[in-house]
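Reader: I would like a close look at one part of this protein. Please take the sheet and the core packed around it, and keep it brisk.

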Amino acid sequence: MSFRKVVRQSKFRHVFGQPVKNDQCYEDIRVSRVTWDSTFCAVNPKFLAVIVEASGGGAFLVLPLSKTGRIDKAYPTVCGHTGPVLDIDWCPHNDEVIASSSEDCTVMVWQIPENGLTSPLTEPVVVLEGHTKRVGIIAWHPTARNVLLSAGCDNVVLIWNVGTAEELYRLDSLHPDLIYNVSWNRNGSLFCSACKDKSVRIIDPRRGTLVAEREKAHEGARPMRAIFLADGKVFTTGFSRMSERQLALWDPRVRRFCLA
């Protein structure tokens, strides 16, 4: 006679955490309720940025990391977009430069004062216009200065020269459906993307070519994500047909794909 285990064994069963004190948290921030699938925040060694609710346009907070506790509702914001902000990303080469994308089909780049905001910031350093639908994804190039990637609901990926506000590359035929996310590799020579057609693609932006593709990486209909790892492999998260969470690791060099 066999007995089923009632309690699932776990090495974390008796591990307990201690909550952070309130004065070390960021409180009373009205995080955006836009239905776009995003993290709504970004952080670098100096600042924390959070997309917040705003009337008549889009806005996000920029807080020094040391400014913890309750945040005043009147705290100044970055508020130059005419539509809700969907994504934000700090420049890896300058801790005071941040890019934002919005439902107003534009990408804006902002210069944050060294000590943070003391008044609302409404004038961006540069406005990038090239998408015909809302722009939900932006990602700075990891090694080249002033190079920014943006992806919109028009299924187009644009690579920008921020210094001159010019398009470097336009990739408008590689994604037949909505792009869920984009991730550069470590040296910026390639990027991977997850698409609504359930494919994960590795793309060379300079040549505008598809380096590798995995169809039906996850067969579920819910959104999936793909990121480049330091060793060149691609890690993805998604769902099965039964909506069960799946994790996968793909080595594009040997075209091996392992579900976990």
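Author: What follows goes from the strands to the nonpolar cores. The model is predicted.

Start with the sheet. Four strands form an open sheet in the order E2-E3-E4-E6. Their pairing is antiparallel. In general, strands of a sheet pair through backbone hydrogen bonds. Strand E2 (41-43) and strand E6 (78-81) stand at the edges. Each has a single partner strand, so one side of each is left without a neighbour in the sheet. From one strand to the next, the twist averages 20°.

Now the pair E3 and E4. Strand E3 covers residues 47-52, and strand E4 covers residues 58-64. Six bridges join them in the antiparallel sense. Ile-51 stands opposite Phe-60 in E4.

Phe-60 leads on to the core. The largest nonpolar core has 17 residues. Phe-60, Val-62 and Ile-112 touch the most other members. Which elements give two or more residues to this core? They are E3, E4, strand E7 (85-90) and strand E9 (106-111). Nonpolar side chains tend to be buried together in soluble globular proteins.

Take Ile-112 by itself. Leave aside its neighbours within four places in sequence. Ile-112 is then in contact with Phe-47, Val-62, Val-78, Trp-90, Glu-96, Ile-98 and Leu-121.

There is also a second, separate core of 15 residues. Val-97, Val-107, Val-126 and Leu-148 are among them.

A search of the whole structure finds one cavity of 30 Å³ or more. The largest cavity holds about 60 Å³ of space. Its lining includes Tyr-180, Cys-195, His-218 and Met-224.

Terms used. Residues numbered from 1 in each chain as written. Predicted model: local features only at pLDDT ≥ 70, side-chain atom pairs only at ≥ 80, totals over all residues. Heavy atoms only, no water. Pairing = 2+ DSSP bridges. Axes fitted to C-alpha atoms, helices over the stretch in contact; angles between N-to-C directions. Core = buried A, V, L, I, M, F, W, Y, C linked by side-chain atoms within 4.5 Å. Buried < 20%, exposed > 50% of the residue type's maximum accessible area, 1.4 Å probe, protein only. Contact = heavy atoms within 4.5 Å. 1 Å grid on protein atoms, 1.4 Å probe; cavity = no way out; pocket = protein on both sides within 12 Å on 5 of 7 lines; lining within 4 Å. Points joined across faces, edges and corners; volume = space filled by probe spheres on them.
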